[in-house]
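Welcome! Let's look at this structure together, one question at a time.

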Amino acid sequence: MLKRLFIFFTLILVAAIFSDVALNYSEHTELSRLAQHYASKGPEELGAANLVTSVVVTYRGLDTLGEVTVLFISAAGVGLMLRRRKHPDTVVPARKPASELVETAARLLMPMVFVFGVYVFANGHLTPGGGFQGGAIIASGVLLLLLAMPQAQLSHRLIGFTESLSGFSYVVVGVLGIVLAGGFLDNRILPLGSFGSLFSAGAIPIIYVFVGLKVGSELSAVVDRFRSDESKPEL
Amino acid sequence: MTGLPVSTYVLSTGLALILIGLWGLLMQKNIIRMIIGFSLVDTGIHMVMIAIGYVTGGTAPIIDSAVPIKDAATRVVDPVPSALVLTAIVIGLGVTAVMLSYAVNIYREKKSLSIDDCSESKW
C-alpha cells in the first residue's frame, strides 16, 4: 500500500514538471541558427534534397555510425541470450503448417517487399526514407517469410557476411572522407552530381545502401532469434 | 487558424504517453507489460522531440519543386530533431529487443513472467 502511495506521488510530481513544460510551451516561429545553416547551406554543400538525410549521414555521421554499432551490439546480445540449446528440455508440439494460400502469398510478396526496401534506402537522399527504414522493410519481408513458412532456414552465413561487409565498407567510406575530402564521413569524395537525381549527393546513397543492408541483416537475425526452438530441431 | 497551435497537441500527447508508460513501468507486475510501458515512454519522448522541432507553418525538410532551395530556411521544420528521433527509434528498437530476450530467458528459467518471482537481486 505504501509502495502504491509512493508511485502515485512520483507520478504526480512528474506530471507537475510535464504540465509546466506543456503550459509554457510556445511554438517556434523560425528555425534555430544551426537548423538555418543546415537548411540554407546544406543543399549546396552536400547536394542532398532530403535535409534530414544530410544531417543523419554527413553532419552527424559519427552519431549514425555509433547508432549502427548500438544496433549491432543489441543484435549480438539477443543472439547470445537466445542461443539455441542443444537439448531443449521442453518438447513443443509441432505447429500446423501454414495454408497454401498464405505460403503462396508470402512467396509472391517477398520479392516486392525486398525491392521496396532497396528502393527506400537507395532514394534516402531524395525522398522520406533511408537506410534504417529500408532495412526495417527488408527485415519485415524476412518476418513475413518466417511467419508463413516456420520451417524455413535463414542462411546465417549470408546474413553474417552481408552484415560485416556492409559495416566494414561503411567505415572504409568514412575513412576515405578523411583522405579525399574534408573529414571523417564527408560525402564529397564523389562528385555531387545534379541536384535531385538518383546519383547525386556524393557518397550519401552509397552509405545509405550499406546502412540499409546492415540494418536489414541485423534485424533479420534478431527476428530469426525470436523464433521458437521447435522450428530448428536438429541444432 | 483557431485554438492552440498544432504542435501543442503533439507535445501534450507525448507527455501523457510518457506518464502512462511510467505508470506501467512502476505498477505492472508482468514483465511484458513493463516492456510495453517502456515502449510507451520511448514513443512519448519521440513525439515531444518532434513537437519541439516544429516551426509554425513549416513543411517536411525535403527540397523539391514545392520548397525551392532559396526558401528552405523559412519554410521547413527543424531537421535536427527529426534526425535525432530517427536515431532514437532505432536505439529504442534495439533496447526493446534485448529486454524481450531477457524476458524470454526469465520465462525459461522460472516459468513465470511476474517480476515478483525474480527476487534474487532484490534488496
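Predicted model: local features only at pLDDT ≥ 70, side-chain atom pairs only at ≥ 80, totals over all residues.

Q: How are α4(A) and α7(A) oriented to each other, roughly parallel or roughly antiparallel?
A: Helix α4 (residues 61-81) and helix α7 (residues 156-180) of chain A have axes that come within 12 Å and cross at roughly 165 degrees. Angles over 145 degrees count as roughly antiparallel. The two helices α4(A) and α7(A) are therefore roughly antiparallel.

Q: Is the crossing of α4(A) and α7(A) left-handed or right-handed?
A: The crossing in question is the one at roughly 165 degrees. For α4(A) and α7(A), its hand is left-handed.

Q: Which helix gives the most to the side of chain B that touches chain A?
A: Here 40 residues of chain B are in contact with 41 residues of chain A. On the chain B side, α1 (6-27), α3 (72-75) and α4 (79-110) each supply at least two residues. With 16 residues, the helix that gives the most is α4(B).

Q: How are α2(B) and α4(B) oriented to each other?
A: The axes of α2 (residues 31-53) of chain B and α4(B) come within 10 Å and cross at roughly 175 degrees. Since angles over 145 degrees count as such, α2(B) and α4(B) are therefore roughly antiparallel.

Note on methods:
Residues numbered from 1 in each chain as written. Chains lettered and ligands numbered in written order. Axes fitted to C-alpha atoms, helices over the stretch in contact; angles between N-to-C directions. Helix = DSSP H or I, 4+ residues; strand = E, 2+ residues; numbered from the N terminus. Parallel < 35°, antiparallel > 145°, perpendicular 65-115°, else oblique. Left-handed = near helix turned anticlockwise from the far one by under 90°. Contact = placed C-beta atoms within 7 Å.
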